[in-house]
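Dear colleague,

I am passing on the structure that we spoke of, followed by some notes on what was found in it. Please have it open while you read, as the notes go through it topic by topic.

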Amino acid sequence: MVMCSRRVQNCCGIFLLCFGIIILLTTLVGHKPLLNYIDETIKTKVTITPGGDTYNNWYKSPVPIYDDIYLFNITNPKEYNMGEKPIVNVVGPFIYKKIEVKTTS
């Protein structure tokens with residue numbers, strides 16, 4: 001264990017006391033403006049207004065949407081109607097690219 005002189009201990013104590021007071025005052029005084037800044041930033045970024053980034057991403061998504069559709073063809077419909085197990089063939093995939101453009105009214 002390292003022993004510090006009384007002077008070093010006093011300096012460390014004064015430093016920690018001052019640092020604690022600064023943090024306390026910053027928290028008490030800066031709390032409300034920080035919350036206001038965060039609220040305003042969220043409102044401007046999330047609000048959908050024409051011309052904004054959020055509006056452009058909402059209006060037409062930058063991420064393409066693909067639908068893969070598979071159809072199943074029953075090759076033994078008569079036997080299936082009589083209660084037998086169906087024999088199916090997979091037809092597809094049919095891939096469609098969706099382009100969704102939203103409108104405002």
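A disulfide is counted here as a pair of cysteine sulfur atoms within 2.5 Å. With that rule, a search of the whole structure turns up 0 disulfides. C11 is in none, and the nearest cysteine sulfur to it, that of C12, is 7.0 Å away; C18 is likewise in no disulfide, with the nearest cysteine sulfur, that of C11, 11 Å away.

Before going further, please keep in mind that this is a predicted model, in which local features need pLDDT of at least 70 and side-chain atom pairs count only at pLDDT 80 or more, while totals for chains, interfaces and linings use all residues. Residues are numbered from 1 along each chain as its sequence is written, and side-chain values use heavy atoms, with hydrogens and water left out.

On accessibility, buried means under 20% relative accessible area, exposed means over 50%, and partly exposed is in between, with a 1.4 Å probe and protein chains only. C11 is partly exposed, because its relative accessible area is 45%, and C18 is partly exposed at 41%. C11 lies in helix α1, where helices are DSSP runs (H or I, at least four residues), strands are DSSP runs (E, at least two), and both are numbered from the N terminus. Between C11 and I42 there are 31 residues of separation in sequence and 43 Å in space, C-alpha to C-alpha.

I42 also belongs to a nonpolar surface patch, formed with L34, L35, Y37, I38 and V46, whose accessible area together is about 590 Å². Patches are made of residues with over 30% relative accessible area and no salt bridge, like charges being joined within 9 Å and nonpolar side chains (Val, Leu, Ile, Met, Phe, Trp, Tyr) within 5 Å; a salt bridge is a side-chain nitrogen of Lys or Arg within 4 Å of a carboxyl oxygen of Asp or Glu. The areas come from the Shrake-Rupley method with a 1.4 Å probe, and for residues only the protein chains shown count as cover. V46 lies in helix α1, which spans residues 6-46, and V46 counts as exposed because its relative accessibility is 55%.

Turning to the aromatic rings, those of Phe, Tyr and Trp (its six-membered ring) pair if their centres lie within 6.5 Å, and planes under 30 degrees apart count as stacked, over 60 as edge-to-face and the rest as tilted. The count by this rule is 3 aromatic pairs. One of them joins F15 and F19, whose ring centres are 6.2 Å apart with planes at 15 degrees, so this pair is stacked. Both residues lie in helix α1, 4 residues apart, or about one turn of the helix; F15 is exposed at 55%, whereas F19 is partly exposed at 45%. The rings of Y55 and Y59 are also stacked, because their centres are 5.8 Å apart and their planes are at 15 degrees. Y55 is buried at 15% relative accessibility, while Y59 is partly exposed at 35%, and ring pairs link Y55, W58 and Y59 into a cluster.

Finally, a cis peptide bond joins G92 and P93, with omega about 10 degrees, and P93 is placed in strand β2, residues 88-98. Most peptide bonds are trans.
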